[in-house]
2 protein chains.
Amino acid sequence: MEYSEFRPLDDKALVDYIKVTPSLLSIVGNNFADLTVKEVGDGNLNFVYIVVGSSGSFVIKQALPYLRCIETWPMTKERAYFETLALKEHGRLCPEHVPQVYHFDRTMSLIGMRYLEPPHIILRKGLIAGIEYPLLAEHISDYMSKTLFYTSLLYHTTLEHKGLVAEFCGNVELCRLTEQVVLSDPYKVSQFNRWTSPYLDSDAKAIREDNTLKLEVAGLKSMFCERAQALIHGDLHTGSIMVTLESTQVIDPEFAFYGPMGFDVGAFIGNLILAFFAQNGHANEQNDRQIYKKWILRTIEETWNLFHTKFIGLWDKHKDGPGEAYLPEIYNKLELQQLVQRKYMSDLFHDTLGFGAAKMIRRIVGVAHVEDFESITDPSKRADCERRALEVAKKLLKERRKFQTISEVVLVILEHQA
Amino acid sequence: MEYSEFRPLDDKALVDYIKVTPSLLSIVGNNFADLTVKEVGDGNLNFVYIVVGSSGSFVIKQALPYLRCIETWPMTKERAYFETLALKEHGRLCPEHVPQVYHFDRTMSLIGMRYLEPPHIILRKGLIAGIEYPLLAEHISDYMSKTLFYTSLLYHTTLEHKGLVAEFCGNVELCRLTEQVVLSDPYKVSQFNRWTSPYLDSDAKAIREDNTLKLEVAGLKSMFCERAQALIHGDLHTGSIMVTLESTQVIDPEFAFYGPMGFDVGAFIGNLILAFFAQNGHANEQNDRQIYKKWILRTIEETWNLFHTKFIGLWDKHKDGPGEAYLPEIYNKLELQQLVQRKYMSDLFHDTLGFGAAKMIRRIVGVAHVEDFESITDPSKRADCERRALEVAKKLLKERRKFQTISEVVLVILEHQA
Ligand SMILES: Nc1ncnc2c1ncn2[C@@H]1O[C@H](COP(=O)(O)OP(=O)(O)O)[C@@H](O)[C@H]1O
Ligand SMILES: Nc1ncnc2c1ncn2[C@@H]1O[C@H](COP(=O)(O)OP(=O)(O)O)[C@@H](O)[C@H]1O
Ligand SMILES: [Mg+2]
Ligand SMILES: [Mg+2]
Ligand SMILES: [Mg+2]
Ligand SMILES: [Mg+2]
Ligand SMILES: [Mg+2]
């Protein structure tokens, strides 16, 4: 049976829905007495239910036609369709790091997927708790290199690329949300913006009055709107990743579309930098977080370096493959192959720093803040952490083309720590 | 009545078609005794008929499912649909310089449009004949500034932009043709390439072995494939423009899609540079073409400068309009507004030089050559003209970011003339 029109579910209605949905029913089994349903959505947008039955479990994510955090903000529930497309495509390319989709109902804007059972937690919470994830850089560089490489013109023919680009143009409303909250609002007076006031009042003002910063952000916004480089996740911050010590799982690609790769790589690295600068706010007498901060920096370095190595590895492996950007008959000599790869990766590195910095800035003076800082209760201490992150972000955004290696980025971070 | 399936027309079948097509019939009137039909297609792709009746006239253009010039090369006849979309959209934005569409039949891949009656001729032929068109720069800068500005994010909301981008992704086969013949084939050994042999053998080889050139072309190709900046004509060479001394009309936008603006501006300017270097081959005792060459250079300068001025004029006029790339609340100060405009136009200038140069190169060592050079019968003289153009193109492509004004480009052209 299918539901003929959309309705938002609650715990009770969800059970009724499962009863008539074979693909879900077959997972949890028929013993409904044992079934537990728990709404756990902590994100800004959607409702997420964990469903555990006697024979199995899954997560149900439902999009409603507005934002969960600001109910007066309408937002197409079609985002669930694009999230599903992206989960499936990225899952196909990197099954180790993407939860399996069991069920999708477009009418109900409802996704059934693997429940990432405990001890999986949201990476951001692990970073706040000071937990080291020794495999994180390895895993996330795997995910990013595969999903980005295989959906770019380095692997696609231009024929399949344009078809997919066209399909994901349908996710324009989510793109617009990013354009607004990441690439516009922080640089103007907006009712949605907030910051640790009064401490950061002049910092926020300085951002609104920084011509060089605004010039650079304009370039990034154009790139975000115009450049269909690969199927990006679109929201790859540390709140979209669930981890254990052994497992790394990327969830929540509802912002997915064909956009610039640097937006994803930057989201991840930018959020690690935020996590770094929040550590001083989490330090206490038992733990000064100094060792943990070093681990974060190492993870930033390894993420980029591994991503770089793996991405180039995929390129080399598939250089005679279907991709039409660099035809082997043209880029036939080793020296030339290396020259174009260096240029490509250097541009991608600068895009990464630019978008990463923009994502940092918006988390400090824009609408949606991050728990890394929000959980620092003393506002003056929080503001001090945030200001340092802001200074690094501004430098990275404005001077990104001067950076050649991730170590230089780490040096700048170190210069700005207390 | 409608034709239920595609069939290629000949003169006779076309008359039958007109008889059952009210929108065409009403133009030429019912007196078929007076009707003349003449196939005039001189392009590489399609059939074009001029139809003149007692009460009026029109042109019929029909796409066949292959290239006219290389019949073994299949090519979707859906291109007529995109040509019509572009003629209508560009015509709406700039009616003075785009022929009116009277009729479109998607099944038949057939367009009925205004007949650009004599003395209209193809601009390329006028350039070969040495005719000055005093309004050309004014007109074409009008066309380019309006069609490009109004279809970019400087005027579009991102919502409408992405919808249109998606639609024009359907014209992918024509994009692929450009990718191949403009941005790939000249840089590799290809059965389709030809050049004035043996004179240019080593020049063609040098292009295939020039790593810097190939690196730069890769960047342009990526931009062509990925960047949906505006609805571009896609084939704006001097063979796609019909002129009289008073009128300038842009035809043949079957390659239209959302791509980089510089591809159009570069096509026009690059083809003027080709025309310039062909002049020595057309010079004779009556006319050394020196004055004409100066006019071409003036037209190149005026085209860019007028385009620049008009484009900025449209931007200023609509800065509080629907466009979402540069929100007025962010780019609110005059100084900042000018800073972002300078950056935008400087990038566009460099794209223009890059694509323009690529279009020049492909006309000398690629598949489709231009009458400007082909009409020079002495091969050694032709090769000399072509080599100079090639040298300029290579310099522009490789060093384009060093150029700040169009006058500097003209200086390079002058340095390379005989
Ligand atoms: N597959 C899953 N397994 C376990 N928990 C999940 C799963 N998907 C989401 N969650 C939980 O629900 C929260 C919100 O999910 P998310 O997809 O990020 O929604 P939103 O789009 O609203 O941000 C996550 O932070 C996580 O705690
Ligand atoms: N509207 C028109 N009025 C007069 N002549 C035209 C018109 N359209 C095309 N032609 C003539 O037909 C030729 C081929 O048309 P074009 O649209 O360029 O076809 P193709 O796509 O095959 O290059 C032009 O070069 C021009 O001589
Ligand atoms: Mg989330
Ligand atoms: Mg989300
Ligand atoms: Mg033509
Ligand atoms: Mg051309
Ligand atoms: Mg044509």
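Me: Which ring does the charged end of B:Lys77 sit over, and how far is it from the ring's centre?

Reply: That ring belongs to B:Phe6, and the charged end of B:Lys77 is 4.7 Å from its centre (Lys NZ or Arg CZ within 6 Å of the ring centre and within 35 degrees of the ring normal). This is a predicted model, with local features needing pLDDT of at least 70, side-chain atom pairs 80 or more, and totals for chains, interfaces and linings using all residues. Residues count from 1 along each chain as written, chains are lettered from A and ligands numbered from 1 in written order, and side-chain values use heavy atoms, without hydrogens or water.

Chain A has a lysine over a ring too: A:Lys19 lies over the face of A:Phe32, 5.0 Å from the ring centre.

Now for rings meeting rings. Over all chains, the whole structure holds 46 aromatic pairs (Phe, Tyr or six-membered Trp ring centres within 6.5 Å; stacked under 30 degrees between planes, edge-to-face over 60, otherwise tilted). One of them is B:Phe311 with B:Tyr344, stacked at 6.0 Å centre to centre with 25° between the planes. B:Phe311 is in helix α11 (residues 290–317) of chain B and B:Tyr344 in helix α12 (residues 334–365) of chain B, so this pair ties together parts 33 residues apart in sequence (helices are DSSP H or I runs of at least four residues, numbered from the N terminus). Both B:Phe311 and B:Tyr344 are buried (under 20% relative accessible area, 1.4 Å probe, protein chains only).

Over in chain A, one aromatic cluster includes A:Phe149, A:Tyr150, A:Tyr155, A:Trp304, A:Trp315 and A:Phe349. A:Phe311 and A:Tyr344 are also among its members.

Terms used:
Helix = DSSP H or I, 4+ residues; strand = E, 2+ residues; numbered from the N terminus. Buried < 20%, exposed > 50% of the residue type's maximum accessible area, 1.4 Å probe, protein only.
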